[in-house]
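Have a look at the sequence and the fold, and then we'll go spot by spot.

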Amino acid sequence: MTRFAMKTDAPFPVSARLIVFTNLDGTLLDHKTYAFDAALPALQKLRDLDVPIILTSSKTVTEIKKLQADLGLSFPAIVENGAGVFVPDDHSGPEIDQAAINSCARGYKLIRAHLDVLEPELRTYFRGFGDLTTLQVAQVTGVSLKDAALARQRRWSEPGIWLGTKEGLETFKVALCQFGLVVAQGGRFLTISSAPGRHELMKRLVACYKKQDVNRDETLVVMALGNAPNDREMLQDADIGVVIPGARGGEMNDVEVNANGVIWRADHAGPAGWNQTVLAALELFPSYQKPLRRVPRMPRY
Ligand SMILES: [Mg+2]
């Protein structure tokens, strides 16, 4: 594991607690198989220590619910590539006003309407999930038909593929910008939305958790893990930003130091790199170390 600017190598104070924001595809999940087995040791530790794990992904609410069930998590999640925040009914963290956090998000139908008034020479080069059949979405994502149907249930964003030139993509972005829409580049897809993005929603969620910690007299340390350019700002803003290398990892080579002077680069792609860096981070927290086992005194006779 490569550590830039080793500022956090000194352990955190005893009052420090961790919160983890993690991307999914290519980060916690294998880019090809979507498996997370290699991350299980670290995941189990975080669950045992009651560390919030905020999934941050291009996935929809229905997809995230399914994955959270598989992972045994019930925390808020940043969905649709930072277009909105989903708060499970049974989550155990601080009070989070879901409506307030999502107040600036534009609905899916409106995004599609904006796309459809673009000039044909721009519009034809973009294939959104709404332009594809469920079968075609299954083919481009490599997931089952059932999962592809879940991926098409959008609330606040439209992912898709750009088939035109690089220059054309820039013109497309400018055209959408006039409607207040932003185009973000993920590992696999472009995502169009009006929302502030993963980074801004992370800040809002951290603020909610910090409020809770004020009462508990704790210091909240934010760890963020990602593998693609749309994770960049999140890593830059975290206390510990972790670059997970991968198929497109080269694009993240220039992320060296964040605002806090800390970026780590995992040795392995996907869940193996996730496991390595999360376990390394936990070692920096005195409160998460196993208490020394008390040796029972021998009875005196
Ligand atoms: Mg990713």
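## A buried serine

Let's start with serine 193. There are 26 C-beta neighbours inside 10 Å of serine 193, so this residue counts as buried. Keep in mind as you read that this is a predicted model.

Where does serine 193 sit? Its place is in strand 9, which covers residues 190-193. Leaving aside neighbours within four places in sequence, serine 193 is in contact with Glu80, Asn81, Ala83, Ile111, Trp156, Ser157, Leu181 and Val182. Take the tryptophan on that list: serine 193 and tryptophan 156 are 37 residues apart along the chain, yet 6.4 Å separates their C-alpha atoms.

You'll find glutamate 80 in the loop between strand 4 (77-79) and strand 5 (84-86). Is glutamate 80 buried or exposed? It has 27 C-beta neighbours inside 10 Å, so it counts as buried.

Aspartate 50 is not a glycine either, and has a positive phi of about 65°. This one is in the loop between helix 1 and strand 3 (53-56).

## Where two helices meet

Now for helix 1 (residues 40-48) and helix 11 (residues 270-282): their axes come within 8 Å and cross at roughly 40°. The two helices are therefore oblique to each other. Their crossing is left-handed.

Which residues make the contact? Helix 1 brings Pro41, Ala42, Lys45 and Leu46, while helix 11 brings Trp274, Asn275, Val278, Leu279 and Leu282. Sorted by class, that contact has seven nonpolar residues, one polar and one charged.

## The nonpolar cores

The largest nonpolar core has 55 residues, and the ones touching the most other members are Ile19, Val20, Ile54, Val222, Met223, Ala224 and Val242. Strand 10 (residues 219-226) supplies the largest share of this core, with six residues. A further core lies apart from it; this one has eleven residues, including Leu115, Phe126, Leu176 and Leu190.

For a closer look, pick isoleucine 54. Not counting residues up to four places away in sequence, isoleucine 54 touches Ile19, Val20, Phe21, Phe75, Pro76, Ala77, Ile78 and Leu205.

Notes
Residues numbered from 1 in each chain as written. Predicted model: local features only at pLDDT ≥ 70, side-chain atom pairs only at ≥ 80, totals over all residues. Axes fitted to C-alpha atoms, helices over the stretch in contact; angles between N-to-C directions. Helix = DSSP H or I, 4+ residues; strand = E, 2+ residues; numbered from the N terminus. Parallel < 35°, antiparallel > 145°, perpendicular 65-115°, else oblique. Left-handed = near helix turned anticlockwise from the far one by under 90°. Contact = placed C-beta atoms within 7 Å. Nonpolar A, V, L, I, M, F, W, Y, C, P; charged D, E, K, R; others polar. Buried ≥ 20, exposed ≤ 12 C-beta atoms within 10 Å, placed from the backbone. Core = buried A, V, L, I, M, F, W, Y, C linked by C-beta atoms within 7 Å.
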